[in-house]
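Let's take a friendly walk through this structure together. Have the chains in view and follow along.

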Amino acid sequence: MDLDISGARVLFELPVDLPFLGRLQISETIVVSWLVMLLIFLLCIFLTRNLRVENISKRQALAEMLVDTGKNFVVGLMGEKFAYMIPFVSALFVTSVISNLISLVGLRSPTADLSTEAAWAIVVFVMITKQKLKANGVGGYLKGFTEPIFVLTPFNVLSEFSTPVSMACRHFGNILSGVVINGLIYGALAGASAALFRLIPGAVGAVLSKIPFLDVGIPAITSVYFDWFSGIMQAFIFCMLTVMYISTAAETD
Amino acid sequence: MQVQELVGLVPWTIIAQILNLFITAFLIKKFLYKPINEVLEKRKAMADAEIQDAVKAKDEAVAMKAEYEQNMQDARAKANEILTTAQKTAALQTEEMLQQANKEAAAIKVKAEADIALEKRKAVNEIKDEIGSMAMEIAGKVIEREISEEDHEKLINEFIANVGETS
């Protein structure tokens, strides 16, 4: 029984090879991301069909509830002036949740690829820096690194960059650990199943031991935590941190 | 099939994922938030309009009530006025009638008195004549002699005149 946990498979390569960026590889991550985007798009279309002002359907009530939740989350934590962030934070959350949960149908989660979280963290880092520059000016922003004393400057710079790194690694680590643990559980249960049914003598045991009976049931329970809970929790934490960091950055020192 | 590193950064994937994130944000904004917000705005506008209508209706009702109360007050005042006028008129008329009655009564009294006096005089005159003729007859019978009638009459008249004056 060999367990193979690898990175994203490269589905096809485009004949583009730039210095630093490397060859343009379309990996599983990117393709599944497109699928996630398509799902989100279809969900939006589905939720906003036949909108009415009065006597609304359950579907519309759900859509309105989602919109309200997004609004309250962003406006409640960041204030009215960040209302333009609502679609971005919603996109971050819903992409993350669907990416985490898409592993349930057997696809590889785009969030099980550090590049995805790194991309999001870079965007958030740029937004944080933009808010800091806006609030304090370029001089104030650079001066902020030398506080409270000049000696701490390297550590301040380090802490500044550790924000996106920690955000990306936290999310990636949680999802990857889910993938690894689920892989281990599946593998272990298949092995146990094979060992158990090999006890039956003759051809019957040989055939039955090939079928991982124990893989039915138990992984569903563990996936409640490793896929559902962890997936939704990490998406929430990532959005929460994004919102908190950006609104803190907008405050003048 | 080629496999990327399990933990590694792929620049192209990062770029693609950044673009994907913004495209998703745009899609959500355009296809979820915009239509839902429009509906919410519409509903809010409708609710506001209804509240405004209600406020207007209430104002109208208050105005109507005030007008009604004013009218009631006016009507009451008018009724009072009419009543007072009627009472005054009645009192006036009563007095007038009383006065007229008094006047009439007085006039009747005066006329009655005059009539009585006239009747009295008439009666007196009749009695005078009667007494005169009676006296003459009596006298004639008593005396049994014929005196001139003219003398007699003269005498009696004098006598009656004296009587009438004293009565």
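**Where two helices meet**

In H2(A), the residues A:Ala63, A:Glu64 and A:Val67 meet B:Leu32, B:Tyr33, B:Ile36, B:Asn37 and B:Leu40 of H1(B); two residues are in contact if their C-beta atoms, placed from the backbone, lie within 7 Å. Helices (H or I, at least four residues) and strands (E, at least two) are DSSP runs, numbered from the N terminus. Six of the residues in this helix contact are nonpolar, one is polar and one is charged. Here Ala, Val, Leu, Ile, Met, Phe, Trp, Tyr, Cys and Pro count as nonpolar, Asp, Glu, Lys and Arg as charged, and the others, Gly among them, as polar.

This is a predicted model: local features need pLDDT of at least 70, side-chain atom pairs count only at pLDDT 80 or more, and totals for chains, interfaces and linings use all residues. Residues are numbered from 1 along each chain as its sequence is written, while chains are lettered from A and ligands numbered from 1 in the order in which they are written.

Chain A itself has seven helices and two strands, running β-β-α-α-α-α-α-α-α from the N terminus. Its C-alpha trace spans about 80 × 60 × 40 Å along the principal axes. Among the helices of chain A is H3, residues 86-101. H3(A) is largely enclosed by the rest of the structure, because 15 of its 16 residues are buried (20 or more other C-beta atoms within 10 Å of a residue's own, all placed from the backbone; 12 or fewer is exposed, and in between is partly exposed).

Note on methods
The expected span of a helix is 1.5 Å times one less than its number of residues.
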